[in-house]
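Please keep the sequence and the structure in view while reading.

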Amino acid sequence: EAGALPPLVALLRAGTEKGKACVAGAIGRLARDVPTHALILEASALPLLVALLRAGTEQGKENAADVIAELASDPPNRTLILGEGALPLLVALLRAGTEQGKENAADVIAELASD
């Protein structure tokens, strides 16, 4: 898993919009394993995922929110997520995203609000 992250993050940084959405989906699957959260953060994926929330395709926003929800399930990551400015973008997705995007944004916000 760790070996897959650097090329995925490189694509998240410089890929096509469709590619970024697909990569965020792949990172989301990796993020379901809590020990990979640190690896994802160390690979500097969080700012790129927040950028995808800001200006990605609808699929990209959905997938970015999904990854961020997984990361937010680990309490120490919540401050990092908020520090990246994700909350206003998640609220915007909750208001105007696709149904899946809204669901994923709500999941992140719920995680951020939990103890």
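Helix H7 passes helix H8 in a left-handed crossing, where left-handed means that the near helix is turned anticlockwise from the far one by less than a right angle, and right-handed that it is turned clockwise. Helices here are DSSP runs (H or I, at least four residues), numbered from the N terminus. This is a predicted model, in which local features need pLDDT of at least 70 and side-chain atom pairs count only at pLDDT 80 or more, while totals for chains, interfaces and linings use all residues. Residues are numbered from 1 along each chain as its sequence is written, and side-chain values use heavy atoms, without hydrogens and water.

**H7 and H8**

- H7 (residues 86–96) and H8 (residues 99–113) pack at an angle of about 140°, and their axes are 8 Å apart; axes are lines fitted to C-alpha atoms, for helices over the stretch in contact, and angles run from 0 to 180 degrees between N-to-C directions.
- H7 and H8 are therefore oblique to each other, since angles under 35 degrees count as roughly parallel, over 145 as roughly antiparallel, 65 to 115 as roughly perpendicular and the rest as oblique.
- Residues of H7 that meet H8 include Leu87, Leu90 and Leu94, and those of H8 include Lys102, Ala105 and Ile109; contact means heavy atoms within 4.5 Å.
- By class, this contact of H7 with H8 has eleven nonpolar, one polar and two charged residues (Ala, Val, Leu, Ile, Met, Phe, Trp, Tyr, Cys and Pro count as nonpolar, Asp, Glu, Lys and Arg as charged, and the others, Gly among them, as polar).
- Ala92 is found in H7 and is partly exposed, with a relative accessible area of 41% (buried means under 20%, exposed over 50%, partly exposed in between, with a 1.4 Å probe and protein chains only).

**H2 and H5**

- H2 (residues 17–31) and H5 (residues 58–72) pack at an angle of about 20°, with axes 8 Å apart.
- That angle makes H2 roughly parallel to H5.
- H2 also passes H5 in a left-handed crossing.

**Buried residues**

- In H4 (residues 45–55), the buried residues include Leu46, Leu49 and Leu53.
- Among the elements that cover the buried residues of H4 are H1, H2 and H7.
- Ile27 is in contact with Leu5, Leu8, Leu12, Ile40 and Val67, leaving aside its neighbours within four places in sequence.

Technical notes:
Helix = DSSP H or I, 4+ residues; strand = E, 2+ residues; numbered from the N terminus.
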